Each structure stands twice: as structure tokens, then as C-alpha cells.
Amino acid sequence: MPASPRDLFALTKPRVMSLVVFTGLCGLIAAPIAMPWVLAFTAVLCIAVGAGAAGALNQWYEADLDAKMKRTAGRPLPAGRMTRETALHFGVGLSFFSVILMGFATNWHAALWLAISILFYVIIYTMWLKRRTAQNIVIGGAAGAFPPLIGWVAATGELALLPVLLFAIIFLWTPPHFWALSLFIKSDYGNAGVPMLPVVSGLKATRIQQFVYTLPMVAAAIAPWPLGLVGAIYGWASVALNAVFLLLSLRVLLNTAQEPSGMKPEKQLFGFSILYLFVLFAALVVDRMLLS
């Protein structure tokens, strides 16, 4: 039977895509040049389709790993609801469509960054890093950090310091975000043979590392304010959000629980980290709109 539209949509990792689309849209809105709404919509659509393409190719390549993990065993490929060839063709097709449309609708500089983001996630993270090193999520985190940069370049045609800082925020946010998750689903990664940091180095080392990466993330998130790139709305929101993030990260660092039942700080940090990014970027948009 052919794959259903619902399963094809599931291949795109819609939950992950929502964050990608949001940060890409924020980068576009924060840019000093206002795009016509039709072109702006097209640019965000291209970012969404490109993220979906990367998600589909990730699931095509990792079907064997997904089948071994409770969290992912119900996905279309491990559940046997579609063939790997279908997922491959779907992902490649979406990749070419998103990059070419971005180039014609906005500019080829933005299309280049979109292509780099897809290739980075699929080749560097999925195919090369994830099964080989416990630092997979550190380097691979760059893939999810591109959207605000792409949105900015789609509007302006060039890079600037603010989108680079937005890239850095997401890049540095990714390790504590995912390591908080990996701490309480360590057994899933262990059963699948994925060398996530808790599996390879243990819980204590992971708790230390997530706190270490939180510190430069906080610095990068607050930096646009003293550098004069944003106003007080973003500045105070960033200070408040990062204070909470730092406190939750410290609680994870001090936690000694070995079983998921005792990892309430880790679960709280993971949950808050998602809200953190949404609110931080929303504050950026409000701030930039008022400044303009």
C-alpha cells in the first residue's frame, strides 16, 4: 500500500519543524528590511519544507535505530507503514524543492544557507556523528541553529552580527536541551547503541557538561542588549529567562538520581528549554518591531 499523507507528514518531524519555522520567521521579522508578505510567506515555507526534508532523510537513514527505541518505534518506517525508498525519495524531493524555490523567491545566498543546513543535519549529524561520538549533539546542534540566520538573509541578502548571535544561541542551547532529555531516557539510547553522553560518560559527566554549555548560552543570549543590537524589552526578557534556565541547569548539576523517577530537575529543564527559546525569540520580534 502507498504511504498515507499522515505518515508522510510524520516523516517531516512536525514538532521539531514548528520550532524551526518559528525561529526562522523571527529572524526574518527582526531583519531591517521588510519583505512583501507573499515573499516572506514563501521564505518561511521554504525553511519549513527544508526542515521537513532533513527530518525525512534522518528517519530514512535511522530506521534501524528508531525500531529499537520506545520513543521512536511508532514512526512510519520502523512500524512498517512505508518503505525506505519512499522516505528517501520524499526527503530528496523536498530538499531540492525548498532550496530552488528559496533561490528564485528571495535570493541564492539564503538558498545556499538552506542547502547547507539540510546537508549538515543529514550528512554531518545523522550519517557521521550520531553513531560515532558522544559529542554528536554538540556539533550537530548547528543544523537546528540555521533558521533565524536563513530568515535574516532571505530578507536582506547578507549576514550581520545579530543573526550570527541568534545562531550561537540555538547552537549553545542544543546540548543542555538534549542532554536533559537523554538523562531520563538513557536506557533508550543504550538499547539502540547510540553513544549519547550519558551512555558513554555517565550521568555525572553529562550533568556537568549541560551546565558548562549553559554558561556561554546565557552570555550569547544576553549579548545583543549590551551590544546595542536590541532594546530593553528583549534585554530584560533575556535576563529573566536565562536566570531561570541557569537555576534549572544548576539543579540538574546538583541532582544525584540514577533512575528516571528521581530526575524531576532534568524533566523540568527539558520542558522549560523549549518554552525558553519560543519566548526569547518572541521577545526579539516584539522588541525589533517597536524599535522600528
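Let's start with the rings: this predicted model holds 14 aromatic pairs, where rings of Phe, Tyr and Trp (its six-membered ring) pair if their centres lie within 6.5 Å. Elsewhere, ring pairs link Trp113, Phe120, Phe146, Phe167 and Phe171 into a cluster.

A word on how to read the values: local features need pLDDT of at least 70, side-chain atom pairs count only at pLDDT 80 or more, and totals for chains, interfaces and linings use all residues. Residues are numbered from 1 along each chain as its sequence is written, and side-chain values use heavy atoms, leaving out hydrogens and water.

Now back to Phe104 and Trp108. Phe104 is exposed, at 66% relative accessibility, and Trp108 is partly exposed, at 47%. (Buried means under 20% relative accessible area, exposed over 50%, and partly exposed in between, with a 1.4 Å probe and protein chains only.) Together with Val92, Phe96 and Ile100, these two residues form a nonpolar surface patch of about 560 Å² accessible area. Helix H5, residues 84-105, gives the most to the patch, with four residues; helices here are DSSP runs (H or I) of at least four residues, numbered from the N terminus. Val92 lies in helix H5 and is partly exposed at 33%.

Next, look inside. The largest nonpolar core has 90 residues, being buried Ala, Val, Leu, Ile, Met, Phe, Trp, Tyr and Cys residues joined through side-chain atoms within 4.5 Å. Helix H9 (161-184) gives the most to this core, with twelve residues. Among the residues with the most contacts inside the core is Leu277, which touches Leu19, Phe22, Ile169, Ile170 and Trp173, leaving aside residues up to four places away in sequence. Contact means heavy atoms within 4.5 Å.

Val122, in helix H6 (108-129), is buried at 7%.

Finally, visit Lys13, in the loop between helices H1 (5-11) and H2 (14-30). Lys13 is buried at 14%, and its phi is near 55°, a positive value. Most residues other than glycine have a negative phi.

How values were computed:
Helices (H or I, at least four residues) and strands (E, at least two) are DSSP runs, numbered from the N terminus. Patches are made of residues with over 30% relative accessible area and no salt bridge: like charges are joined within 9 Å, nonpolar side chains (Val, Leu, Ile, Met, Phe, Trp, Tyr) within 5 Å. Accessible areas come from the Shrake-Rupley method with a 1.4 Å probe; for residues, only the protein chains shown count as cover. A salt bridge is a side-chain nitrogen of Lys or Arg within 4 Å of a carboxyl oxygen of Asp or Glu. Rings of Phe, Tyr and Trp (its six-membered ring) pair if their centres lie within 6.5 Å; planes under 30 degrees apart count as stacked, over 60 as edge-to-face and the rest as tilted.
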